[in-house]
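Trainee: Could we go through this structure together, step by step, so that I learn how each conclusion is reached?

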Amino acid sequence: MIRFDNLSKRYEGGFEALRNVSFEMEAGEMAFLTGHSGAGKSTLLKLLMLIERPTSGNLLINGKNLNRLPHAKVPFYRRQVGVVFQNHQLLFDRSVFENVALPLQVAGYSRADIGRRVRAALDSVGLLDREQQNPIALSGGEQQRVGVARAVVHKPKILLADEPTGNLDPQLSAEIMALFKRFQDVGVTVLVATHDIDLINRMNMRIMRLNQGQMEQDGVNYGGY
Amino acid sequence: MAATNSNSRDSVQRGARGKVLSRGDRWRSYRYHHRATLKTSAGKMLREPLQSLLTILVIAIALTLPAALYLGVENISQLSSGVDSSAQISVFVKKGARDAAVKNIGEQLEGLSGVASVRYISAQSALEEFKALSGFGSALQYLDNNPLPDAFVVQPLLFSDAPKLVAEIREIALIDDVQLDMAWLQRLDTLLDIGRKLVLALGAALGLGVILVVGNTIRLAIQSRRDEITVVKLVGGTDAYVRRPFLYTGLLYGLFGALVAAILLTSLGFWLDGPVDKLAGLYQSQYSISGLGFGGFVMLLLIGGSVGLIGAWLAVGQHLRNIKPS
């Protein structure tokens, strides 16, 4: 599903955020991406969202090389990807429902479809009764769950999360992770960038560790720090 | 949350199999999206009524000025077109010319191109007409001989041909003098030409002004919706999708500006109507000013709308590119 092939990213100014990174993820696989801040986690996710383009190497999604994707096709690629942000990126000028509906509106779904899918997504994160509220009225954990609902409402094949539990207490973090696990169960490829070591050690899953832009470790049995 | 688990898993699974959007669905939702965007754009304008009103007023004034000048020029040119047809060239024959020569001149005049009609006024008939009309009848009886020359009145086909005809007639032998009675009309025509050019120049300058005003307003709108644009781009919104609400806003500003301009022009018309009627009455004329009319109103909306759209397009093209998700 996701294949990084000897991929490097050098920013303007010479900083090398990723160096010859290679890995592969199968469809329906879930993995954690970890490492110190500045190790390249965010850059790797940005490459997957096509916010940044690699300096060298190939990035293949479903066998297609993203390097050759023209600018005009980028929105259509992004519709296959769901993203959860650390700062959740919710819009406070509209209701929870409208926030979650955004990816569907953008893709041109009908009103009836949007209503059905948004409610299904909100139901899956346990916030169905909050759809008419403004997200600013919700707690941090609830806001993050709205962010998750928005990331999965259009049934993406790939779900990316950048520090999704950054501001949450351990119990809420565990709930969010359990949520991701459920999406993996139905076939979504899930990649979560986090430095919450305790949490991921408990989950017994594939862990990729970046260190100064290089893949330092990749496997299930993670020794920890 | 545990209580909803079984439900939610079901819904996720159902969706994961996916459903392809049909073309009809897409078209319907595209149209719905346009309507919704229009509604939100109008709503956003209403949410900042003072700011929107100021922008609309600036646009309205910028449209009213050239439009009022245009209407003024058109009204005056309409006034002059009524007199155009009465433009005449008076041709006076040298005194003492023989009848045969006068007849010959008449034939020559009729032979010129661009002449609609030639009327001969003999010295005798001119004197009688003068006697009858001037009131000097009894005094004129004491004259030994007729002081008036034979004359022709030439009616040109086109008013604009008159000066050329005058020059040609002057070349004919035994012609004493040629007078174009409506020389002032020509001057008026030239003035109207200047007026029309002024309308164009003023219109172009103020049109550019409107584009800049709308552009600036849209630039502010884009900045205040930066977060929204970022999110929309991240969830797969195309450039066209992001652009649309701002284009609608620009279009609405232009249309509302044109509407207010039409109201201003109509009020101006009513305001001037009384004095103009009075003036026309003094000249025993049926003339009254013609306003914008339906065609002019549609034209004004068209110009306002497109200028607003252009302003929005320029602002959007310049500023949206700078907003990238990070």
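Mentor: Let us begin with a term: a residue is buried if 20 or more other C-beta atoms lie within 10 Å of its own, and exposed if 12 or fewer do. Please keep in mind throughout that this is a predicted model.

Trainee: With that cut-off in hand, is A:Lys41 buried or exposed?

Mentor: The residue A:Lys41 belongs to helix H1 of chain A, which covers residues 41-48. Around A:Lys41 there are 25 other C-beta atoms within 10 Å, and the cut-off for a buried residue is 20 or more. Therefore A:Lys41 counts as buried.

Trainee: Which residues is A:Lys41 in contact with, leaving aside its neighbours within four places in sequence?

Mentor: Contact here requires that the C-beta atoms of two residues lie within 7 Å. Once the neighbours within four places in sequence are left aside, the partners of A:Lys41 are A:Leu33, A:Gly35, A:Ala193 and A:Leu210.

Trainee: What separates the C-alpha atoms of A:Lys41 and A:Asp162?

Mentor: Along the chain, A:Lys41 and A:Asp162 are 121 residues apart.

Trainee: Turning to whole chains, what is the radius of gyration of chain A, and what does it tell us?

Mentor: Chain A is built with seven helices and 10 strands. For its 225 residues the globule rule gives 17 Å, and the value for chain A is close to that, so chain A is as compact as a globular protein of that length, with a radius of gyration of 17 Å.

Trainee: And what is the radius of gyration of chain B?

Mentor: Chain B has 11 helices and four strands. The globule rule gives 20 Å for 326 residues, and chain B is well over this, so it is more spread out than a compact globule, with a radius of gyration of 35 Å. The C-alpha trace of chain B along its principal axes spans about 130 × 40 × 35 Å.

Trainee: How do the axes of H2(B) and H10(B) lie to each other, and which word describes that crossing?

Mentor: Helix H2, residues 23-47 of chain B, and helix H10, residues 239-282 of chain B, have axes that come within 9 Å and cross at roughly 60°. That angle is why H2(B) is described, relative to H10(B), as oblique.

Trainee: How many residues of the contact of H2(B) with H10(B) are nonpolar?

Mentor: Among the residues that meet there are B:Leu38 and B:Met45 in H2(B), and B:Pro245 and B:Leu252 in H10(B). The residues of this contact include four polar and two charged ones, while the nonpolar ones number six.

Conventions: Residues are numbered from 1 along each chain as its sequence is written. Chains are lettered from A and ligands numbered from 1 in the order in which they are written. This is a predicted model: local features need pLDDT of at least 70, side-chain atom pairs count only at pLDDT 80 or more; totals for chains, interfaces and linings use all residues. Helices (H or I, at least four residues) and strands (E, at least two) are DSSP runs, numbered from the N terminus. The radius of gyration is taken over C-alpha atoms; the globule rule is 2.2 Å times the number of residues to the power 0.38. Axes are lines fitted to C-alpha atoms, for helices over the stretch in contact, and angles run from 0 to 180 degrees between N-to-C directions. Angles under 35 degrees count as roughly parallel, over 145 as roughly antiparallel, 65 to 115 as roughly perpendicular and the rest as oblique. Ala, Val, Leu, Ile, Met, Phe, Trp, Tyr, Cys and Pro count as nonpolar, Asp, Glu, Lys and Arg as charged, and the others, Gly among them, as polar.
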